[in-house]
Amino acid sequence: MTALADLPALYTACERVLSGGISRRPRETRAAGPSHGLPFNGAAADVRAEIVTCLSSWSGLVADGRHLTAPQRSVQVLAGFLHRNADRLAAHPAVAEATEEIARLTRRARRVAYPDQAGRLWSAPTGTVYRLASQQRRRRRSRAGRTYYAESDVRVSFSRRAGLSSAP
């Protein structure tokens, strides 16, 4: 349940990017045309709303099953409630769906809250990792909604980029 434990902090991190606070990416706005008002990151707003909805839904399911009052619609409270009642959720027939939904939402929130992480890993501009993977036809496999590249392909391409290899 690591993903569940991460959601409150990610929810807060997404709050910081609502107005473009920590991202160096162009700011996303919902209005058509040039932005004349305050900057607004729609992806951050959407993922925050989805976090509350997801946690509320699964908390309601657990509360109903235990004949409890549903917890307050606060991400911290909802995540704590689900964590304390993880045994009940784990015994429910929909546990796989809950686990996948929470994991998917956690990955999405992490991408929204920290959009430049992939580039920072290799000191490369955002998008470079994926562009290079496509251009260089790296070997890859997908599992549980994530893509994994062959380590040797990644090392060779970034070594070339840094001028450390004369390989073609």
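Begin by selecting Arg 110, which is partly exposed at a relative accessible area of 36% (buried means under 20%, exposed over 50% and partly exposed in between, with a 1.4 Å probe and protein chains only). The model is predicted, with local features requiring pLDDT of at least 70 and side-chain atom pairs counted only at pLDDT 80 or more, while totals for chains, interfaces and linings use all residues. Residues are numbered from 1 along each chain as its sequence is written, and side-chain values use heavy atoms, with hydrogens and water left out.

**From H5 to H1**

Arg 110 belongs to helix H5 (residues 95-113) and Asp 6 to helix H1 (residues 2-17), 104 residues apart. Helices (H or I, at least four residues) and strands (E, at least two) are DSSP runs, numbered from the N terminus. Asp 6 is partly exposed, at 25% relative accessibility.

**From H5 to H2**

Next, select Glu 50 and Arg 108, whose side chains meet in a salt bridge of 2.6 Å, N to O. Glu 50 is in helix H2 (residues 42-66) and Arg 108 in helix H5, so this pair ties together parts 58 residues apart in sequence. Glu 50 is partly exposed at 36%, and Arg 108 is partly exposed at 25%.

**From H4 to H2**

Move to Asp 87 and Arg 66, a salt bridge at 3.1 Å, N to O. Here helix H4 (residues 86-91) supplies Asp 87 and helix H2 supplies Arg 66, 21 residues apart. Asp 87 is exposed, at 52% relative accessibility, whereas Arg 66 is partly exposed, at 29%. Then select Glu 100, Arg 104 and Arg 107, which salt bridges with shared partners join into one network. The count of salt bridges comes to six.

**The hairpin**

Strand S1 (residues 140-143) and strand S2 (residues 146-149) run antiparallel and are joined by four bridges; strands pair if DSSP finds at least two bridges between them. Arg 143 has Arg 146 in S2 as its bridge partner. Two residues separate the strands of this hairpin, and Ala 144 in the turn has a positive phi of about 55 degrees.

**Confidence**

Finally, colour the chain by pLDDT, the predictor's confidence in each residue from 0 to 100. The chain mean is 78, and 70% of residues reach 70 or more. Residues 23-30 fall below 50, yet this stretch has 19 contacts in the model beyond near neighbours in sequence (heavy atoms within 4.5 Å). Where pLDDT is low, predicted coordinates should not be read in detail.

Key. A salt bridge is a side-chain nitrogen of Lys or Arg within 4 Å of a carboxyl oxygen of Asp or Glu.
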